[in-house]
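This briefing covers a pocket, a surface patch and a salt bridge. Please view the sequence and the model first.

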Amino acid sequence: MTMFQKAMEALEAMDAASLSATNVVHLLDIAAKLEKISGETAEKSQAVEPMGNVQIYLPDNNRE
């Protein structure tokens, strides 16, 4: 069993009402950092092909 799996099991077993505001903020901070790191890793691992010219259509909606 990986550390991630152990952590997930522990989080799922916790009663959300028993968490303090400090604990919630800390968990959100860590989750945001992990998401950012995983997103950066995923971006680096994907090759991006150039698309060429891109045309953007802006409809005239009679606004000034």
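Phe-4, Ala-7, Met-8, Leu-11, Val-24, Leu-27, Leu-28, Ile-30, Ala-31 and Leu-34 line the largest pocket. A pocket here is an open set of points on a 1 Å grid over the protein atoms alone, where a 1.4 Å probe fits, with protein on both sides within 12 Å along at least five of seven lines; lining residues have an atom within 4 Å of a point. The model is predicted: local features need pLDDT of at least 70, side-chain atom pairs count only at pLDDT 80 or more, and totals for chains, interfaces and linings use all residues. Residues are numbered from 1 along each chain as its sequence is written, and side-chain values use heavy atoms, with hydrogens and water left out.

**Largest pocket**

- α1 (3–13) and α2 (21–45) are the elements that give two or more residues to the lining.
- α2 supplies the largest share, six residues.
- The lining has 10 nonpolar, no polar and no charged residues, where Ala, Val, Leu, Ile, Met, Phe, Trp, Tyr, Cys and Pro count as nonpolar, Asp, Glu, Lys and Arg as charged, and the others, Gly among them, as polar.
- The pocket volume is about 220 Å³, taken as the space filled by probe spheres set on the points, with grid points joined across faces, edges and corners.

**Nonpolar patch**

- Phe-4, Met-8, Leu-11, Met-14 and Leu-27 make a nonpolar surface patch of about 450 Å².
- Patch residues have over 30% relative accessible area and no salt bridge, and nonpolar side chains (Val, Leu, Ile, Met, Phe, Trp, Tyr) are joined within 5 Å.
- α1 gives the most to this patch, with three residues.
- Met-8 lies in helix α1 and is partly exposed, at 32% relative accessible area.
- Buried means under 20% relative accessible area, exposed over 50%, and partly exposed in between (1.4 Å probe, protein chains only).

**Salt bridge**

- The whole structure has one salt bridge, defined as a side-chain nitrogen of Lys or Arg within 4 Å of a carboxyl oxygen of Asp or Glu.
- Lys-33 and Asp-29 form a salt bridge through their side chains, at 3.2 Å from N to O.
- These two residues are about one helical turn apart because they sit four residues apart in helix α2.
- Asp-29 is partly exposed, with 37% relative accessibility.

**Whole chain**

- The chain has two helices and zero strands, as DSSP runs numbered from the N terminus (helices H or I, at least four residues; strands E, at least two).
- Of its 64 residues, 0% count as buried.
- The chain exposes about 6600 Å², of which carbon and sulfur atoms supply 58%; accessible areas come from the Shrake-Rupley method with a 1.4 Å probe.

Technical notes. Patches are made of residues with over 30% relative accessible area and no salt bridge: like charges are joined within 9 Å, nonpolar side chains (Val, Leu, Ile, Met, Phe, Trp, Tyr) within 5 Å.
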